[in-house]
Amino acid sequence: MSYYALFFAAYFAVAMTATWAYSRGTYHFIYTEMFALANMLAHLGGILGILKVQKKFAVSNKSSTKRAGTYHIRIMWGLSLLALAAVLKAILSFAVDQSPYGTGAEQRGCSCL
């Protein structure tokens with residue numbers, strides 16, 4: 001295990017503990033991550049508003065018949081699947097590195113890693 005992983009784990013633990021303490025025990029990691037993921041699209045839209053200044057805004061349609069925001073749901077599912085794939089890849093990479101037989105390069109005698 002690298003030193004970076006140890007420092008990251010310590011920093012993460014201190015940051016989560018401090019956040020929990022300052023929120024008077026009402027902080028929930030999962031809910032915060034869900035909110036941040038859902039809020040990401042609004043923040044990206046806000047950045048677009050900063051870069052492209054509009055002098056006049058279009059009036060929103062109040063009587064929409066189709067379900068609004070269906071593409072947002074698809075984007076959120078895509079981001080969730082991408083995050084799940086990244087976590088699974090990290091777990092598999094860690095499992096391969098911890099193999100008693102070593103990595104493929106070590107088995108071939110290569111010391112380049």
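In which helix is leucine 79 found? I looked, and leucine 79 is in helix α3 (residues 70-97). Helices here are DSSP runs of H or I with at least four residues, strands are runs of E with at least two, and both are numbered from the N terminus.

Ground rules before going further. This is a predicted model, where local features need pLDDT of at least 70 and side-chain atom pairs count only at pLDDT 80 or more, while totals for chains, interfaces and linings use all residues. Residues are numbered from 1 along each chain as its sequence is written, and side-chain values use heavy atoms, with hydrogens and water left out.

**Overview.** I count four helices and zero strands in the protein chain, and the order from the N terminus is α-α-α-α. Of the 113 residues, 4% are buried; buried means under 20% relative accessible area, exposed over 50%, and partly exposed in between (1.4 Å probe, protein chains only). The chain exposes about 10,600 Å², with carbon and sulfur atoms supplying 69% of that. Accessible areas come from the Shrake-Rupley method with a 1.4 Å probe, and for residues only the protein chains shown count as cover.

**Confidence.** I checked pLDDT, the predictor's confidence in each residue from 0 to 100. The chain averages 76, and 77% of the residues score at least 70. Helix α1 has the highest confidence at 85, and α4 (residues 104-108) the lowest, at a mean of 53. Where pLDDT is low, the predicted coordinates should not be read in detail.

**Back to leucine 79.** I have leucine 79 down as partly exposed because its relative accessibility is 24%.

**Helix lengths.** The expected span is 1.5 Å times one less than the number of residues. For α1, 20 residues should span 28 Å, and the end C-alpha atoms are 28 Å apart, so that agrees. For α2, 23 residues should give 33 Å against 32 Å between the end C-alpha atoms, which also agrees. I still found a kink of about 35 degrees in α2, centred on methionine 40; the bend is the angle between axes fitted to the seven residues ending there and the seven starting there.

**Between α1 and α2.** Just after α1, arginine 24 takes a positive phi of about 60 degrees. Histidine 28 lies in the loop between α1 and α2 and is partly exposed at 43%. From histidine 28 to methionine 16 I get 9.7 Å, C-alpha to C-alpha, across 12 residues of sequence.

**Phenylalanine 8.** Phenylalanine 8 sits in helix α1, and I call it partly exposed because its relative accessible area is 43%.
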